[in-house]
Structures are given as structure tokens and as C-alpha cells.
Amino acid sequence: MEEQDRPCEYLSGVGPVWCPGCGYYGILSALAEAFADLRLPTNELALISGIGCSSRLPYFVKAYGFHSIHGRGLPIAQGVKTANPELTVVAVGGDGDGLAIGGGHLPHIARNNVDITYLLFNNAIYGMTKGQFSPTTVLFPITKTSPFGLTGESVNPSALAIVYGASFVARGFSVKKEHLKDLIIQGMQHRGFSFIEILASCSSFNTTDMNVARIIKNLQMVPEDHNPEDEIEALRLATDKEKINLGVLVRNPRPTLGDKFQEMQKKAKARAPEAKAQAAMEDLLAQFA
Ligand SMILES: Cc1ncc(C[n+]2csc(CCOP(=O)(O)OP(=O)(O)O)c2C)c(N)n1
Ligand SMILES: [Mg+2]
């Protein structure tokens, strides 16, 4: 097979329903190419999503898929990974899905270091429901649900992931496809919870916050000498007011939830009366060996 044909192996053939000019096309392409580079068997791969334009992604990719309910992609992804640790699990969803209705799940999946990769498509708007403000809307204050402007401060997804204790945090941009592909690969290779914020413009309902020309003008790659174990510096880069820093902000491996469960199972088995009886029997039999 020709090198340039490989990503198609991971496209299901179902055509995306996104609007012309949507930033999500670039993300789908980067993701399919990342899967192709990693040569992951499609039957060992599960894509889990919530609800939103971004959450439609599992239809377009050849893998197991679960298009779940609004804001609930993460706990379902955790369940899938826990039930079948052999699967590579990728969760996807929007800024509304992951930070508004589903915002209560992110801290716990991050602090528990569940071994999944989460791609948060940040278009700073509720795209699917046609243009209500989201927790990341800043520069486009007059929306269908904020006709007189926004009342609250916005949230910074990468900064939140860092303070919640995600062991891998990166920020990419749908237009920088090769760079994004590389971040997805690094995230999937990281053992533990990988959070990747992906900036993407919504061509129909908010072209201001994620304005491609403005992002290109203001972006900067995370400096090469940045130590990804330095979470304070990572937070500074994530919250930089002058520049939009793209790249790996945090990489701090530690035991995963699956590792902890295995430890617990061992302890529980050692404590169980039947395990003690079994051990006593084995000691007895060993005397006649
Ligand atoms: C429980 C529930 N509440 C509200 C909705 C309506 N709804 C569907 S998608 C969505 C927001 C989508 O925005 P986002 O998560 O940012 O995804 P995008 O479409 O921008 O990719 C909302 C509010 C729903 N489907 N279910
Ligand atoms: Mg959105």
C-alpha cells in the first residue's frame, strides 16, 4: 500500500456532516494519520464521545465507537478501559460537552490517571445547537444565549487539566495537522491520562475566538527546553496572555487507575480466608513433596 493511502484504512467511509470550513476536518485527518502511524488494529481501538458536532467523530473512524450522552463520554471511556484494559481508548468531545455539562468528570479522571487519551475540541461555542456561548467563549460575547454579553470569566482547558493532575497535557491546533498528529501519537503512547486541547474554528457560529489568522499570528511552539515535569512552568505557558503556546505542556508519568486496581486485587486476595486456606494447603502438600 502506498504511504499516502494509509490513513484511509482508519476512515469508515461515512462522510462527516460538519459544515464547510469546520476546523474538525483537520482533527479527523490528524487522528486517522496518527492511528495509521501507530498501526493500531481497529478491533483494539475504541472511540468514545458525548454529544455535539465533535462527538460525531466515532461514526467517521473505523474502530469500536460509542456516541453516548452529553457530557458523559469520559466516565463511559473509563468504564470501557476498566472492563477491557487491552483496548486503546480515545475519548472525544467539545468544550461544552467536556467543560460545562460534563465538567465534573474531568478532575476525577485526571487525578485517577485513567489510561485513556482525551481530545477536547475547543471551538469556544456550542456548535451543534447552533451558537450558544460555552465555558471557553471570550471574544464573541453576543450569542443566542447571551444577547447582552457574557456574565462570567472563561475557563482555560489546558490550565484546568494541569491543575486537576493530568499526567500528560498538550495543546494543538486543527490547522497545524502534522503537529497535531504528533501530539496525538505522543498522547496515545503516554501511559495514563492524556489530555489534548485542540483549537478549532466553528465556521458557522464562532469564527472570532478561534480565528485562524489571529491564532497563526499569535501562536508559539512550547520552547524546546521546557521541562514537561515542571507543572508550574506548564501552567505559565498554558495561561500566557501574549502568546498561544502549542505543544506538550506536561508529561509526568505515574501509576494508572488500572495499576492501582491490580494492587488492590492482590491485597484483597491475600486477605481473603480462602486464600489463607489455600496457602495452608500448599504448605502442607509441600512437606510431602
Ligand atoms: C442532557 C443534554 N443537554 C443538552 C443537550 C443539547 N446539546 C447537544 S450538543 C450541545 C452542545 C455542543 O457543544 P460542544 O460540546 O461544544 O460541541 P460542538 O458541537 O461545539 O462540537 C448541547 C447543549 C443534549 N443533547 N443533552
Ligand atoms: Mg464547542
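Strand 3 (88-94) and helix 3 (95-101) each contribute at least two residues to the shell around ligand 1; helices (H or I, at least four residues) and strands (E, at least two) are DSSP runs numbered from the N terminus. Helix 3 gives the largest share of this shell, 4 residues. In total, 19 residues surround ligand 1, and the closest are Gly52, Gly94, Gly96, Asp97 and Gly127; a residue is near a molecule if its C-beta atom, placed from the backbone, lies within 6 Å of it. By class, the shell around ligand 1 comprises 7 nonpolar, 10 polar and 2 charged residues, where Ala, Val, Leu, Ile, Met, Phe, Trp, Tyr, Cys and Pro count as nonpolar, Asp, Glu, Lys and Arg as charged, and the others, Gly among them, as polar.

The model is predicted: local features need pLDDT of at least 70, side-chain atom pairs count only at pLDDT 80 or more, and totals for chains, interfaces and linings use all residues. Residues are numbered from 1 along each chain as its sequence is written, while chains are lettered from A and ligands numbered from 1 in the order in which they are written.

The chain has 10 helices and 8 strands, and its C-alpha atoms fill a box of roughly 80 × 45 × 40 Å along the principal axes. Among contacts between residues at least 6 apart in sequence, 70% join residues at least 24 apart; two residues are in contact if their C-beta atoms, placed from the backbone, lie within 7 Å.

Helix 1 (residues 24-38) packs against helix 6 (residues 177-189) at an angle of about 50°, with the axes 8 Å apart. Axes are lines fitted to C-alpha atoms, for helices over the stretch in contact, and angles run from 0 to 180 degrees between N-to-C directions. Helix 1 and helix 6 are therefore oblique to each other (angles under 35 degrees count as roughly parallel, over 145 as roughly antiparallel, 65 to 115 as roughly perpendicular and the rest as oblique). Their crossing is right-handed, that is, the near helix is turned clockwise from the far one by less than a right angle, anticlockwise being left-handed. Residues of helix 1 in the contact include Ile27, Leu31 and Leu38, and those of helix 6 include Leu180, Ile184 and Met188. The contact of helix 1 with helix 6 has 9 nonpolar, 2 polar and 4 charged residues.

Helix 5 (residues 157-164) and helix 8 (residues 231-238) pack at about 165°, with their axes 9 Å apart, which makes helix 5 roughly antiparallel to helix 8. The crossing of these two helices is left-handed. Ser158, Ala159 and Ile162 of helix 5 meet Glu231, Ala234, Leu235 and Ala238 of helix 8. This contact holds 5 nonpolar, 1 polar and 1 charged residues. Pro157, Ser158, Leu160, Ala161 and Ile162 are the buried residues of helix 5. Just after helix 5, Gly165 has a positive phi of about 95°.

Most residues other than glycine have a negative phi. Asn113, not a glycine, has a positive phi of about 55°; Asn113 lies in the loop between helix 4 (106-111) and strand 4 (117-122) and is buried, with 24 other C-beta atoms within 10 Å. Ala124 likewise has a positive phi, near 60°. Ala124 is placed in the loop between strand 4 and helix 5 and counts as buried, with 26 C-beta neighbours inside 10 Å.

Key:
Buried ≥ 20, exposed ≤ 12 C-beta atoms within 10 Å, placed from the backbone.
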